[in-house]
Amino acid sequence: MSAFPSLAFSSMLLPAMPASTVSPPSFVQTLLPAAILAVTAMLLMLTEAFSVSKSRSYQAILAAGASAVAGFLAFQNTQLPAGFILNDRGVADGFSSWITLIACLAAGMSSLLALGFFRQRNAERGEFYALLLFAAAGMSLLAVSNELITLFVNLELMSVATYALAAFWRRGNRSVESAFKYFILGAFASAILIYGVALLYGATGTTQLNLLHTALPNALKTTPWLSWPGLILVLTGLSFKIAAVPLHMWTPDVYEGAPTPVTALMGAGIKAAAFVALVRVVLHVGDSSAVLLHILSFLAAITMVVGNLMAIAQRNVKRMLAYSSIAHAGYILIGVAALFTTSHWGNDVGVLSVTKVATPTIETLRPAALQGILFYLLSYAITVVGAFGVLAAIEKREDDGAADAWDLNRLSGLATRRPGWALAMALFMFSMGGIPSTIGFLGKLYLFKVGISAGLIGLSVLGVLASAAGMYYYLRVIVYMYMKPSPETEIGLRHWSTEFVLAVSAVAVILLGLLPGPLLDWLSQAALFIPN
Amino acid sequence: MIPVTACLLLSAMLFCLGMLGFLLRKNALIVFMSVELMLNAANLAFIGFARVHGDITGHVSVFFVIAVAAAEAAVGLAIIIALYRNRKTLDVDEVRFMKH
């Protein structure tokens, strides 16, 4: 990681670019993408109130356009040095800009998917796209938060918008049930999180993450009865949002019942935003005790294993992808655990023990781990949007009540009827499974490499084994598409916007898988805020 | 003057009651009320700790939590109404259209 000389500047690392001439981004620059998303969302609600024309297709285009503009601005921010904004309440760094970019990507792609999806069902409404953009603005602001109350409010901005999105088919059984489960469990998790924040505030007297970083080790000694429950409650609330295993039960039902474009947003955007919240918090609290490293490694291990095993048993493709998203959260947790191994060498917990390896120091390991997490989140976002896009395309209008709505049989013979869709789906499945020459393979490669160089050898081996087991259910989808005879039932209609999304994600999956150079350069130039 | 400890104990009790209510009760509205109880327990804890530390962060946090709880209630109650219209029941055990 020669790209990261330790130019210490008030406890953060700056990249080797001309940092002396470029100043850190102002708060206007950092918050502009979120502001564009929020203002467009309000505009969309106004169009819904005042529009006289019947045609509403422009709303999706407007939403996608706003996401594209916001994403472009966020991309420009990725190359700026890191710095605090808004009186240290926010932090602008490469991590927040990249997550904003992923959020914009997810929102733009999902609104294009929704254009075709809802048009064919005569259900186009402006508030759908408004809620989508509000959720994306929440994700972007969540990535900027450096303070626990800000983090809570933005997490809720994102979640409340998504509860409403999941309930968008308000007359459909599945949609309402999915929204209800998501809402009631999400509200429970938020309440746990905010009580944990209150306890941490009581123990340390601050809710600001960088102050918590200095105050917490002392507080764990003087008031353990306050700070430990606080820490555990905060981590529990965040583990729910990323769907780590003991708290994953909502995921399959919510993913299955929500309208498919919303599921795409959940898989791509919400997962990434929840991870950035988790990473930001554990970066500041994780050094204080080795127990947290053990908890994170244990969570990673059971999340990978349970996610993959449950996915194998599914015939319902949408549920299968939901369990697979749990498994992917497990792989990313390896990267999160790798952030702390240098602080706690040689802590034995059986197969998950940390082996002392010679190479890394905290200055090289943390940027590498954060880049690994970012690359994985980006690769997963691109792939999962495409995969749910195919499911949205083959879905039929009357499917809501059907028990076999997304059964594997629906994919039978897709290669002969819609060769383009089948090819794209095959690529997405290869990428999720981690077949070389796709972006998903590189994501896994970097993450497991970081895990091994961080000394988490047992955990990384477990990750490789789990993803090998996962190949079974990804390949099964391809077998059904290419080797089963096609049934004589009708299949979803074509729409240019859906096919555009499929084409863009498929090209990105293969192109970035073969030529990841520029992306890796951009990621390694991103200035990452790392407390030391 | 009421000691801060009493305030914090009450908050901890409310939080535990809310959690128990969430896990044990079957009516969707009561489950939702239990979540609100947990949020208000957090508010009480914030106020108590603000007095201990003598700073204003705790007071400000309470306003944010109240606002978020209101937004959550607006969307949540709408979802519960939609659920009732579909199923004619509010029993959370009956909400299992989707099978594993």
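Against which elements of chain A do the buried residues of α7(A) pack? In this predicted model, they pack against β1, α5, α6, α8 (224-242) and α10 of chain A. The residues concerned are A:L209, A:N210, A:L212, A:H213, A:L216, A:A219 and A:L220. Helix α7 covers residues 209-222 of chain A, and its 14 residues should span 20 Å at 1.5 Å a residue; the end C-alpha atoms are 19 Å apart, which agrees.

Chain A has a mean pLDDT of 85, with 91% of its residues at 70 or more. Within chain A, the mean is highest in helix α5 (residues 148-166), at 94, and lowest in strand β1 (residues 83-85), at 82. Residues 1-20 of chain A have a pLDDT below 50, although this stretch makes 41 contacts in the model beyond near neighbours in sequence. Where pLDDT is low, the predicted coordinates should not be read in detail.

A polar atom of the A:T204 side chain lies 3.3 Å from the backbone oxygen of A:T206.

The loop between α5 and α6 of chain A contains A:F168. At 16% relative accessibility, A:F168 also counts as buried. Apart from neighbours within four places in sequence, A:F168 is in contact with A:F118, A:A123, A:R125, A:F128, A:S175 and A:P259. The C-alpha atom of A:F168 is separated by 9.7 Å from that of A:E127, a residue 41 places away along the chain.

Helix α10 of chain A, one of the elements against which α7(A) packs, runs over residues 260-285. Its 26 residues should span 38 Å at 1.5 Å a residue, and the end C-alpha atoms are 37 Å apart, which agrees. A kink of about 35° is centred on A:M266 in α10(A). Because 26 of the 26 residues of α10(A) are buried, this helix is largely enclosed by the rest of the structure.

How many residues make up the largest nonpolar core? This core has 221 residues, and A:L333 and A:V336 touch the most other members. Its largest share, 22 residues, comes from helix α13 (residues 362-394) of chain A. The contacts of A:V336, leaving aside neighbours within four places in sequence, are with A:F275, A:L278, A:V279, A:V282, A:L296 and A:I373. In soluble globular proteins, nonpolar side chains tend to be buried together.

After α15(A) comes A:G434, whose phi is positive, near 95°.

Positive phi values also occur in residues other than glycine. One of these is A:N87, with phi near 60°, found in the loop between β1 and β2 (90-92) of chain A. The relative accessible area of A:N87 is 68%, so the residue is exposed. In chain B, phi of B:K88 is likewise near 60°, and this residue is in the segment after α3 (57-87). B:K88 counts as exposed because its relative accessibility is 59%, over the 50% limit.

Methods: Residues are numbered from 1 along each chain as its sequence is written. Chains are lettered from A and ligands numbered from 1 in the order in which they are written. This is a predicted model: local features need pLDDT of at least 70, side-chain atom pairs count only at pLDDT 80 or more; totals for chains, interfaces and linings use all residues. Side-chain values use heavy atoms; hydrogens and water are left out. A nonpolar core is a set of buried Ala, Val, Leu, Ile, Met, Phe, Trp, Tyr and Cys residues joined through side-chain atoms within 4.5 Å. Buried means under 20% relative accessible area, exposed over 50%, partly exposed in between (1.4 Å probe, protein chains only). Helices (H or I, at least four residues) and strands (E, at least two) are DSSP runs, numbered from the N terminus. Contact means heavy atoms within 4.5 Å. The expected span of a helix is 1.5 Å times one less than its number of residues. The bend at a residue is the angle between axes fitted to the seven residues ending there and the seven starting there. A polar contact is a pair of N or O atoms within 3.5 Å; within protein, one must be able to donate a hydrogen and the other to accept it, and residues adjacent in sequence count only if both atoms are side-chain atoms. pLDDT is the predictor's confidence in each residue, from 0 to 100.
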